[in-house]
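Welcome, and please have your viewer ready.

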Amino acid sequence: MSKYLLEIGTEELPHKFITTGQTQLKSAFEKLLNESHIGFETIKTYGTPRRLTVIIEGLAEKQPDTTKTIKGPIAKIAFDNEGKLTPAGIGFAKKNGITESDLYKEDDYVWAKIEKKGQPTKEILKENIPSIVLKIQGPHFMRWADLDVKFQRPIRWIVSLFDDEEIKIKIADIESNKYSRGHRFKTDKVEIKDVNTYESALYNANVIADFDKRKELIIKTAKDAAAKINAQVVLEDELVNEVTNLTEWPVPVVCGFDENYLNIPEKVTVTVMATHQRYFPLYKDGKLLNSFITMTNYIGDNFENIKAGNERVVKARLDDAVFFFNEDTKKPFENYVEDLKGVTFQKGMGSMYDKTHRIIELSKYISNQLNISSETIERTALLCKADLVTSLVFEFTELQGFIGADYAMNAAESPKVCQGIKEHYYPLSADSELAETIEGQVVGLADKIDTICAVFAAGKKPTGSADPLGVRRATLGIIKTIIQKNLKINVAELIKKTVSMLPTKVEDSQKLFDEVSLFFEQRLSIYYNEKYSHDLVEAAVQKDVLADLNDFAQRLNILSELKSEPVFNSVYEAANRISKIAKSTTQLPEYTLFNTPYEKKLMDISKAIDSDKLEYKELFKKLSEIVPVINEFFDNVLVMDKNEEIKNNRLKLLGTIKQKFDKIADFTKITLQ
C-alpha cells in the first residue's frame, strides 16, 4: 500500500477559509477514490496560513480489474439470417467498445462480457487533482496575473508525491515538484523526499503543519508564559482556533498596558484584546490584569519590537474605548431611548424606538401569562436597546447588551434591570448560555418574537444559508428558554399577539401566523432530533404543540423511556389498531346501543381512565392494562356493523380511547425496530 501527498502552497490564507478548505479537500478526495473504486485507509488534511495539504495513507496502486455482463438486443434483431451482425448488433458492439468475437447468445438475446483493466492510481490522481483544487468554494475568491482560474489566494507552489515519486500536475501556471516552503522568514526551499518525511521536513523549517499540534503548543506555551508572572490565561476555544490558523510557528509574548485602562468596563477591555487584536487576556485571582499574551508567528530571539508594537496598538484601541465611554456617560442612560427614533429596525417595521415599545407591550403580555410582577421587566424592556445609539457600541457592535448593562449600572438602575439588559440577547449562539433572570428571559422572548414575526411579515423568512437577523437562532433561543427555564407560555398565542402589533398592514394575518407557527414546529423538531429519534419527535409534535412546549418536552422524554419497555409493543399495536378506523373524540357513546358484553366491558374499563388527571407514565400504565380488553373487543366485535347507528356508536367508543392514547403521542408516527 502507498501514500500520496498533495500540498497547495499559497499566499497568506484567511484563517476562516483554512478549516473549510481542508474539509472540502478531504470530502473531494474521498468521493474521487470511492467512485473510482480505489482502496485507501485514511485521508488526513493539514492547513497553515500558507498551505493546504492532503495525505492519503493505505492507498491502492491501481483500480481493480472489472468484468461486467451487458444485455443487448434480441438475437434475431442483432444478427441476420446468415448469422451476420445487423446495424443494431454493430451499434451495440461499438457502443460498448467491443468486437463481434466478444458477443454471445443466451436466452434469445445478445450479450457482451466486458473486461476492463483498472487504471493506475497515479493516472487517476493526475487527471482529477487540478479540478478538485479549483472546485473548492469560499467567499472572496480572487484571480491573479492574467489567469482565468480563481482561488482564495494566489497559488505559489505545489508538491505532489506518490510515496517518493513525483506525480506531475499543473494548476493555474504552477507545475508541481518536490519543494515546499518553510516559515515565511526563511527563503530556502524545503525538499520533501517522500510522504513520510513531510511533517519533519517542515518542522525543521519552522512550520508545524498539523493544526492539532499547533493548537496544543499554543495552549501549553500560553499557560507556561502566564504562570511565569503568576497569572492565569483565559483560552476561549474559538479564539485559540483562530490564532492556530494564523500561525505556523507560534511563540507567546507577554505584553502590558497602563492599569488605568482597567477603569473602563472589563468586557470592553477584553473585547479590544481578544476580538479585535486576538490577544489572550490574563487574570489573577479572577481579576483582569493589565497584561496579555500575543501569539507571534516568529522565529528569533528579539521580541522587543514585537512587544512594543502590540502595546502601541492596544493602547490606541483602549484610548478610543476610554474616549467613547467618557462621552457616552455624560448624559443619563435613559435619554438614549429617544435617540432610537433615528435608527431603522427594518424597512416597513418602524424604528428601534418603535420596536422598543412593542417589546414593552409584549413583555407585559408575557408577564401576565406567567402571572408575575412586571415592574423591573418593563424597565428592562425600555432600556434594552438604548446602548445601540452609544458611541462605544457603534465602535464595538459585539458589545451590545453588555455596554447597556454597564451604563445602566452606572446610572444606578436596579441590578435586576442591568442583568436583564445584558441577558435579553441570550443565547448568543446555539450552544451558549441562557438568561438566568426573569427580566432577561421575558424581554429576550419579546425581542426575539417581534424580530421573527417582522422578518416573516416582510417576506424575508430564512431560505438555505440566508437567515435575516438570525431568525433561526432567535427561534431556537425562544424554544430553549421556555423549555429549560420551565416557563408556562403559550407560544401560539404569543405569535398571534405579536402579529397583531406589527406596524405594517398584514394582508393575511392568519397566513402569517401559520407560517411562523410552522417554522417554530420545524425548529422544535430539528432541535430535538439531535437527541431523540425522528419518529418519536414527530409522534410528540401534536397539533397544539406550541401551546405548551414544556408538555411536549416532558412527553417526548417519557416516550423515549417507555419505548424501551417490553409492554410498549403491545400498546403501540393497540393504539395503531384503533387509529386505523377511528378518529379521536371526547364524545361518549350511548351505553344502550351496546349489544355485546365486549363493548360494555371496554367502555367500563376505559371510562375509569381519567386522562386529564393522570401523569403520562401512569396514563401509559393504565392504557397498557386495558390492551387485552381492546384486543378481545377486536377479536369478537365487528366495528363496521350494517346498522349505521351501532357502527357509529362503536367508532365513538374507540374514538374516546384513541383520545387517551393521543394525550401521550401519535403512535402511528412511531417506528418499531
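Start by selecting helix H8, residues 266-276, which lies across E15 and E16 and runs at about 10 degrees to E16. Helices here are DSSP runs of H or I with at least four residues, strands are runs of E with at least two, and both are numbered from the N terminus. Angles run from 0 to 180 degrees between N-to-C directions, with axes as lines fitted to C-alpha atoms, for helices over the stretch in contact.

Before going on, a word on the model: it is predicted, local features need pLDDT of at least 70, side-chain atom pairs count only at pLDDT 80 or more, and totals for chains, interfaces and linings use all residues. Residues are numbered from 1 along each chain as its sequence is written, and side-chain values use heavy atoms, leaving out hydrogens and water.

Strand E15 (residues 280-284) pairs with strand E16 (residues 287-297) in the antiparallel sense, over four bridges; two strands count as paired if DSSP finds at least two bridges between them. Which residue in E16 is the bridge partner of Lys-284? Pick Lys-287 to see the answer.

Zoom out to the open sheet of four strands, ordered E13-E15-E16-E14 with antiparallel pairing. At its edges are strand E13 (232-233) and strand E14 (250-256), each pairing on one side only.

Time for another sheet. Select E4, E6 and E5: they make an open sheet of three strands in the order E4-E6-E5, paired antiparallel. E4 and E5 each have a single partner strand, so one side of each has no neighbour in the sheet. On average, neighbouring strands here are turned by 35 degrees against each other, direction ignored.

Then look along the strand pairs:

- Strand E4 (residues 66-74) and strand E6 (residues 109-116) pair in the antiparallel sense over seven bridges. Ile-74 stands opposite Tyr-109 in E6, while Ile-70 has Ala-112 as its bridge partner there.
- Strand E5 (residues 103-106) runs antiparallel to E6, joined by four bridges. Tyr-104 is partnered by Trp-111 of E6.

Finish at the hairpin of E5 and E6, where two residues lie between the strands. Click on Asp-107 in the turn to find a positive phi of about 55 degrees.

Conventions. Contact = heavy atoms within 4.5 Å.
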